[in-house]
Amino acid sequence: MYMSEDEDLRIAGIEQESFVDGPGIRFVVFTQGCSHHCPECHNPETHAFGKGQVETADSLLKMVDANPLLSGVTLSGGDPMEQAVQLLPFVLGVKMRRLHLVVFTGYRYEMLMSKFAHPAMKELLTYTDILIDGPYLKDLRDLSLTFRGSSNQRIIDVPKSIVEGKVVLHEIQLKEMEGNLDGSFS
Ligand code: SF4
């Protein structure tokens, strides 16, 4: 599992108000750098490490504070887990503000909980409310899925998963699955 050794937090971009990267209105940070290289990834410009722009936790938190309508913050990418060390000061500020945190990652939850994960990845996971996990697999591409691009990816309720010691899917995915069974979910 890869961790950026860059001293700086490098990002590919920011979306100040998004309605598609998690529940409610979200401040989204797209991190720069991803080692997964999923075929047909929609954001190949975010793969290279050492590129993008340098950001600080303070400057990101000022932008967050400027919008009282936010429901939460989303870390997307790139792979935010590969800059967990650099992201933690920002994430701590997000949690001090009692904001909800969504993290997208190409790693699976089980890998992040394993002995192979960097300690900062595990720490970031403990602050995460919803984890969208797993690589984008083009053969499993499904545009009807909430927040995900392929059906191998999961919407995980991280606090419940940590308490139960196993993956617990978030109610957003459970409702989506019920809808798929009875055809009532749109
Ligand atoms: S993990 Fe995400 S950003 Fe990285 S290659 Fe896969 S789809 Fe692209």
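## A loop residue, Asp139

Asp139 is located in the loop that joins β6 to β7 (154-157), where helices (H or I, at least four residues) and strands (E, at least two) are DSSP runs numbered from the N terminus. Asp139 is exposed, because 9 other C-beta atoms lie within 10 Å; a residue is called buried if 20 or more other C-beta atoms, placed from the backbone, lie within 10 Å of its own, exposed if 12 or fewer, and partly exposed in between. Although Asp139 and Pro39 are 100 residues apart along the chain, their C-alpha atoms are separated by 9.7 Å.

This is a predicted model, in which local features need pLDDT of at least 70 and side-chain atom pairs count only at pLDDT 80 or more, while totals for chains, interfaces and linings use all residues. Residues are numbered from 1 along each chain as its sequence is written.

Strand β5 is largely enclosed by the rest of the structure, because 4 of its 5 residues are buried. With strand β4 (residues 72-76), β5 pairs in the parallel sense over 4 bridges, two strands being counted as paired if DSSP finds at least two bridges between them. Within this pair, Thr74 stands opposite Val102 of β5. Between the two strands the chain passes through α2, and the β-α-β crossover from β4 to β5 is right-handed, a term which means that, with the strands pointing away from the viewer, the path from the first strand over the helix to the second runs clockwise.

Strand β5 also pairs with β6 in the parallel sense, over 3 bridges, and here Phe104 has Ile132 in β6 as its bridge partner.

## The two sides of helix α4

Helix α4 (residues 119-126) has Met121, Leu124 and Leu125 as its buried residues. These lie on the same side of α4, because they cover an arc of only 105 degrees around the axis, the arc being that of the directions from the helix axis to the C-beta atoms. In general, an α-helix has 3.6 residues a turn, so residues three or four places apart point the same way.

The buried residues of α4 pack against α2 (84-96), β5 (100-104), α3 (109-112), β6 (130-133) and α5 (158-164), where a contact requires C-beta atoms, placed from the backbone, to lie within 7 Å. The face of α4 turned away from this buried side carries the exposed residues Pro119 and Thr126.

## Around the ligand

The ligand is surrounded by 13 residues, and the closest are Cys34, Cys38, Cys41, Gly106 and Tyr136; a residue is near the ligand if its C-beta atom, placed from the backbone, lies within 6 Å of it. The shell divides into 5 nonpolar, 7 polar and 1 charged, with Ala, Val, Leu, Ile, Met, Phe, Trp, Tyr, Cys and Pro counted as nonpolar, Asp, Glu, Lys and Arg as charged, and the others, Gly among them, as polar.

## Backbone exceptions

Most residues other than glycine have a negative phi, and most peptide bonds are trans. Arg98, in the loop between α2 and β5, has a positive phi of about 55 degrees although it is not a glycine, and with 7 C-beta neighbours inside 10 Å Arg98 counts as exposed. Phe147, in the loop between β6 and β7, likewise has a positive phi, near 65 degrees, but Phe147 is buried, with 20 other C-beta atoms within 10 Å.

The peptide bond from Gly77 to Gly78 is cis, with omega near 5 degrees, and Gly78 belongs to the loop between β4 and α2.

Technical notes:
Contact = placed C-beta atoms within 7 Å.
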